[in-house]
Number of protein chains: 2
Amino acid sequence: MDAMSRIERAMHAAIAHADAPVAPPKLAEAISYSVFPGGARVRPRLCLAVASACGDEDPAMADAAAIAIELLHCASLVHDDLPCFDDAPTRRGKPSVHAVFGEPLAVLAGDALIVLAFETLVRGGLGQVHRLPALIAAIGRSVGMPSGIVAGQAWESEPGTILEDYQRAKTGALFVAATTGGALASGADPAPWRRLGECIGEAYQVADDLRDAVADPEELGKPVGRDAALGRPNAVAALGIDGAVGRLDALLSEGVESIPPCAGWSELRQIILMQAQRLVPKQVVRSAA
Amino acid sequence: MDAMSRIERAMHAAIAHADAPVAPPKLAEAISYSVFPGGARVRPRLCLAVASACGDEDPAMADAAAIAIELLHCASLVHDDLPCFDDAPTRRGKPSVHAVFGEPLAVLAGDALIVLAFETLVRGGLGQVHRLPALIAAIGRSVGMPSGIVAGQAWESEPGTILEDYQRAKTGALFVAATTGGALASGADPAPWRRLGECIGEAYQVADDLRDAVADPEELGKPVGRDAALGRPNAVAALGIDGAVGRLDALLSEGVESIPPCAGWSELRQIILMQAQRLVPKQVVRSAA
């Protein structure tokens, strides 16, 4: 089974636990709408790729780590789109959750997805219970305070925020969870995998800033020019388009170089380089050509 | 150390993890504001009382269970008070979190508290790792979908909600987590402790409805008559004041009778009966006298 099929199957299994005859139907529907159809599932794919590179000796735990990370990512998108943050009318090419289900169910869908992430970790971790605390701690750290995605979002409410601090918490943290979580699920030391997550996370943020600056809304699936309109820290605003493209390349090279020795070293290297090619928006590639 | 001091100390230790030099200061402040000063801390007190009745053989794990439950309760209060739900200007006798910090930080404070609850469970569970999955699952079930407090709140968005279903999910679930979580933390079978949690949870909801119907806002610390104004299911509306008081008494008796045999049976019985006396609003006691 390829990684995408594996992720979608595990995602459906996780979401099935939140639905049940006793569940409030509209919230169940809002949760499903929040996660299907997904985006590129880059975080869970990275997590599974690292777990495989480390031997994938407990696929159920690797799945759980990957899915928990994606559920937390989806939760953050639902809450970030709320009227009090981005007030985004669309996401992934369709109306945002609060636009369809209303604000109350959007808040609750995000809350429920956070809880479901931790429940999913426990369900998938029963085969290697001694590994669970470190895995839950690593993923919890990536999403909560003081330096996870929730903290990253909160930096928007602070004056004088520094670009890199903001990006690290907002996007980088969940990528670090993907690499370290994949390693932990396979019984490997997570520490040497941090840098890969940091580099890819920052590269994605730079790519997102590039798309926000140059893409058309149809390709992006959400409104463009949002960061600039909201006066948000942004790599393109700080470095220009060429500078941002250079930064992206440098980050990906550093990330690939940081991959520690492991059974699936060369396959992982190839996966990351292949996916990296899709990162740069085609308008930028065109204008550079 | 009495239970309240034990809870406050453990609560400060848990919150300290969310604060750090790298944390966004306003969100750190909003989180602290959400949990201090607390209310009566009834859920963590119930959790510790059950853990003690079962021998309290791992106090760190009992503390973690109690604090996680209180953090989740505080998270639900912060989110329930948001403009899109109750739009409550006050809570626990002071301005609500969103009134002081704004809506974005109130959403994020709730999210961060949910994550912190699970991190707290892991930190306190390292001494008995094999007990952690069941404890995390029990507490996760009480707060998430399909039948935890998030689900309970979502029933407000469904037409034709049945009073008892709503109450069970909205208030009962976290009390069930308190009794079963206390038992699990002490290595006891959680199943016989469910009914006590259900009964006390429903009794608290009935008491809350009574207070909402008769209390003055100063005593309550939040606006009164809110449920009626929002057309919400309510025991007083369904049963009248006398009927609601009768229901409350019946629930507490059933709860106390359900306590399974355990080392601290008689102390626990006494604690619950003592605290139950404070449940009925004094206006109702006066009018009945």
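Please keep in mind throughout that the model is predicted.

I shall begin with the relation between the chains. Chain B is superposed on chain A by a rotation of 180°, with 0.0 Å of shift along the axis and an RMSD of 0.0 Å. That is the relation of a two-fold axis. The two copies use the same surface, since 100% of the contact residues of chain B recur in chain A.

What does the interface itself consist of? In the contact between the chains, 49 residues of chain B meet 49 residues of chain A. About 4,000 Å² of area is buried between chain B and chain A, and carbon and sulfur atoms give 78% of that area. How many salt bridges are there between chain B and chain A? The count is zero.

I turn now to the aromatic rings. A pair of aromatic rings is described by the distance of the centres and the angle of the planes. Over all chains, the count comes to five aromatic pairs. One of these is F175(A) with Y204(A), a stacked pair with 5.1 Å from centre to centre and 25° between the planes. This pair links distant parts of the chain, for F175(A) belongs to helix α9 (residues 163-185) of chain A and Y204(A) to helix α10 (residues 194-214) of chain A, 29 residues apart. Both F175(A) and Y204(A) are buried.

Another pair is formed by Y33(B) and F101(B): the ring centres are 5.3 Å apart and the planes stand at 70°, so the pair is edge-to-face, the cut-off for that class being over 60 degrees. Y33(B) is in helix α2 (residues 25-35) of chain B and F101(B) is in helix α5 (residues 97-101) of chain B, so the pair ties together parts that are 68 residues apart in sequence. Y33(B) and F101(B) are buried as well.

Where is D80(A) placed? D80(A) is found in helix α4 (residues 59-80) of chain A. Its relative accessible area is 9%, and it therefore counts as buried, for which the cut-off is under 20%. Leaving aside residues up to four places away in sequence, D80(A) touches F85(A), D86(A), Q153(A) and K170(A).

Notes
Residues are numbered from 1 along each chain as its sequence is written. Chains are lettered from A and ligands numbered from 1 in the order in which they are written. This is a predicted model: local features need pLDDT of at least 70, side-chain atom pairs count only at pLDDT 80 or more; totals for chains, interfaces and linings use all residues. Side-chain values use heavy atoms; hydrogens and water are left out. Rings of Phe, Tyr and Trp (its six-membered ring) pair if their centres lie within 6.5 Å; planes under 30 degrees apart count as stacked, over 60 as edge-to-face and the rest as tilted. Helices (H or I, at least four residues) and strands (E, at least two) are DSSP runs, numbered from the N terminus. Buried means under 20% relative accessible area, exposed over 50%, partly exposed in between (1.4 Å probe, protein chains only). Copies are superposed by least squares on the C-alpha atoms of residues with pLDDT of at least 70 in both. Contact means heavy atoms within 4.5 Å. Buried area is the accessible area (1.4 Å probe) that two parts lose on being put together, summed over both. A salt bridge is a side-chain nitrogen of Lys or Arg within 4 Å of a carboxyl oxygen of Asp or Glu.
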